[in-house]
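Me: I would like to go through this structure with you and ask, for each label put on it, what the label rests on. Please set each value against its definition before you conclude.

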Amino acid sequence: PEIIAERCVHAHAEVASCRACLDACPHEAWVIDDDALGIDSSLCDGCGLCAPSCAEGAIQIIDGKARL
């Protein structure tokens, strides 16, 4: 997946509660740490379920893969 960081709430708020992409991912590939949102590409199968779950449109699907 590719993240458009400037759209993700985790890039703007020190304490953000959004977990939409994490909750949508059946493989638990999304990770939130102290700095930002990220993805474990070894767990992601490119299903794209995370993209429509993002209210900010921070995840894009390009060439059949989700992009943030």
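**Labels and their grounds**

Reply: Isoleucine 32 is partly exposed, with a relative accessible area of 32%. Its place is in strand E2, and its C-alpha lies 8.5 Å from that of histidine 10, a residue 22 positions away in sequence.

Me: What makes isoleucine 32 partly exposed?

Reply: Buried means under 20% relative accessible area, exposed means over 50%, and partly exposed is what falls in between, with a 1.4 Å probe and protein chains only. At 32%, isoleucine 32 falls between those cut-offs and is therefore partly exposed. Valine 31, also found in strand E2, is partly exposed because its value is 41%.

Me: What kind of model is this, and how are its residues numbered?

Reply: It is a predicted model, in which local features need pLDDT of at least 70 and side-chain atom pairs count only at pLDDT 80 or more, while totals for chains, interfaces and linings use all residues. Residues are numbered from 1 along each chain as its sequence is written, and side-chain values use heavy atoms, with hydrogens and water left out.

Me: Where is confidence highest and where is it lowest?

Reply: On pLDDT, the predictor's confidence in each residue from 0 to 100, the protein averages 85, and 90% of the residues score at least 70. Helix H2 (residues 20–24) has the highest confidence at 94, whereas strand E5 (residues 65–67) has the lowest, at a mean of 61.

Me: How many helices and strands does the protein have, and what makes a run count as one?

Reply: Both are DSSP runs numbered from the N terminus, a helix being H or I over at least four residues and a strand being E over at least two. The protein has three helices and five strands, which follow the pattern β-α-α-β-β-α-β-β along the sequence.

Me: Why is histidine 10 called buried?

Reply: Histidine 10, found in helix H1 (residues 9–12), has 13% relative accessibility and therefore counts as buried. Its side chain reaches the backbone oxygen of cysteine 18 at 2.8 Å. That distance can be set against the polar contact cut-off, a pair of N or O atoms within 3.5 Å, where within protein one must be able to donate a hydrogen and the other to accept it, and residues adjacent in sequence count only if both atoms are side-chain atoms. Of the 68 residues of the protein, 26% count as buried.

Me: How do you know that there are zero disulfides?

Reply: A disulfide is a covalent bond between the sulfur atoms of two cysteines. The criterion applied here is a pair of cysteine sulfur atoms within 2.5 Å, and a search of the whole structure finds zero. The sulfur of cysteine 21 has its closest cysteine sulfur in cysteine 18, at 6.3 Å, and is therefore too far for a bond. The sulfur of cysteine 47 is likewise too far for a bond, because the closest cysteine sulfur, in cysteine 25, is 6.0 Å away.

Me: Are cysteine 21 and cysteine 47 buried or partly exposed?

Reply: Cysteine 21 counts as buried because its relative accessibility is 8%, while cysteine 47, at 42%, counts as partly exposed.

Me: What makes a space in the protein a cavity, and how many are found?

Reply: On a 1 Å grid over the protein atoms alone, a cavity is a set of points where a 1.4 Å probe fits but cannot get out. Grid points are joined across faces, edges and corners, and the volume is the space filled by probe spheres set on the points. The search finds one cavity of 30 Å³ or more, and about 80 Å³ of space lies in the largest cavity.

Me: Why are glutamate 28 and alanine 55 called exposed?

Reply: Glutamate 28, in the loop between H2 and strand E2 (30–32), has 65% relative accessibility and therefore counts as exposed. Alanine 55, in the loop between helix H3 (50–53) and strand E4 (59–62), counts as exposed because its value is 77%.

Note on methods: On a 1 Å grid over the protein atoms alone, a cavity is a set of points where a 1.4 Å probe fits but cannot get out, and a pocket is an open set with protein on both sides within 12 Å along at least five of seven lines; lining residues have an atom within 4 Å of a point.
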